[in-house]
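We will go from stop to stop, picking residues and looking at what surrounds them.

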Amino acid sequence: MAWRYIGETDRTMVWECDFFSDLNGGVMNNFAEYFQPFSPYELAPFEPKHLQKSYPQGYNHDIKIDADKQIVIRMPRQQVMVYGFGRQLKLTDFPIVEGFLGGEYDLPPGSYGVLDIVKKFNLEKKRPHKIRPSLYPGGGLPGGIDEMYVYGTTGFTLKPDRTTFIITPTEYKVRGYVFLTDDQWDFASDHGFAKVVNPFVQTLFGPSHYNVHPGGILIEYTGMGTFLEVKQRR
């Protein structure tokens, strides 16, 4: 596990992790209750019992806690796309890609960008290059228990300046640059399944005393996005 405390700003306390596996339900509960990825009451891992301290290595008692500040957890996008729930994402999950491959847009052979299609067919309000699939059952991007608890519903977008739609006489082809968007962690999802189970999940598995850090917790994705490609015969 690799966590680093980057520091604080006027409004935030910023942490970084290196691996998707670093952020699980227990760690998120620690952030919500203790403002750090570790609990001050846990024993230090990987040490003989007679050497263990009353808090784990990595927990820092010297960090000034400000409950009004937002906790920001920085997670590499590539970790999510390669090792996490993002590995299940397909380009055809985006309505603009599904419509393009299905011949919904009357376009001659050539190369087009996201905004070319959005503007030509008046799709600005629909934003078909952006999706918010959930990891809950029936949400389009099923995840494990920890993934549902930590991430819930998350956002993906096709970056307009790096995504290309190509039509040739024989095929449709899309090369899309997928970008995760930042995600707020709380028990306030408006997803139907989450609305039903969140009160029980919060009581059974959530932070002690049902505490959610009052300043809020934001998962901020960093680094490069991911190129995906799909093609279909005309």
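Before moving on, some ground rules. This is a predicted model: local features need pLDDT of at least 70, side-chain atom pairs count only at pLDDT 80 or more, and totals for chains, interfaces and linings use all residues. Residues are numbered from 1 along each chain as its sequence is written, and side-chain values use heavy atoms, leaving out hydrogens and water.

What is the angle between the ring planes of F100 and F165? The planes stand at 70 degrees and the centres are 5.0 Å apart, so the pair is edge-to-face. Rings of Phe, Tyr and Trp (its six-membered ring) pair if their centres lie within 6.5 Å; planes under 30 degrees apart count as stacked, over 60 as edge-to-face and the rest as tilted. F100 lies in helix α3 and F165 in strand β7 (residues 164-167), so the pair ties together parts that are 65 residues apart in sequence. Helices (H or I, at least four residues) and strands (E, at least two) are DSSP runs, numbered from the N terminus.

Zoom out. The whole structure holds 12 aromatic pairs. Select F20 and F85 for another one: their ring centres are 6.1 Å apart and their planes meet at 65 degrees, so this pair is edge-to-face. F20 sits in the loop between β2 (12-17) and α1 (25-34), and F85 in the loop between α2 (77-83) and α3 (95-101). Both F20 and F85 are buried.

Next, select W3, Y5, W15 and F31. Ring pairs link these four into a cluster.

Now colour α1. How many of its 10 residues are buried? The count is 9, so look for a mostly covered helix. The buried residues of α1 pack against several elements, including β1 (3-8), β3 (70-76) and β10 (217-222). At the N-terminal end of α1, find the cap, N24: a side-chain oxygen lies 3.1 Å from the backbone nitrogen of G26. Just after α1, F35 takes a positive phi of about 70 degrees.

The protein has 6 helices and 11 strands. Of its 234 residues, 47% count as buried.

Methods:
Buried means under 20% relative accessible area, exposed over 50%, partly exposed in between (1.4 Å probe, protein chains only). Contact means heavy atoms within 4.5 Å. A polar contact is a pair of N or O atoms within 3.5 Å; within protein, one must be able to donate a hydrogen and the other to accept it, and residues adjacent in sequence count only if both atoms are side-chain atoms.
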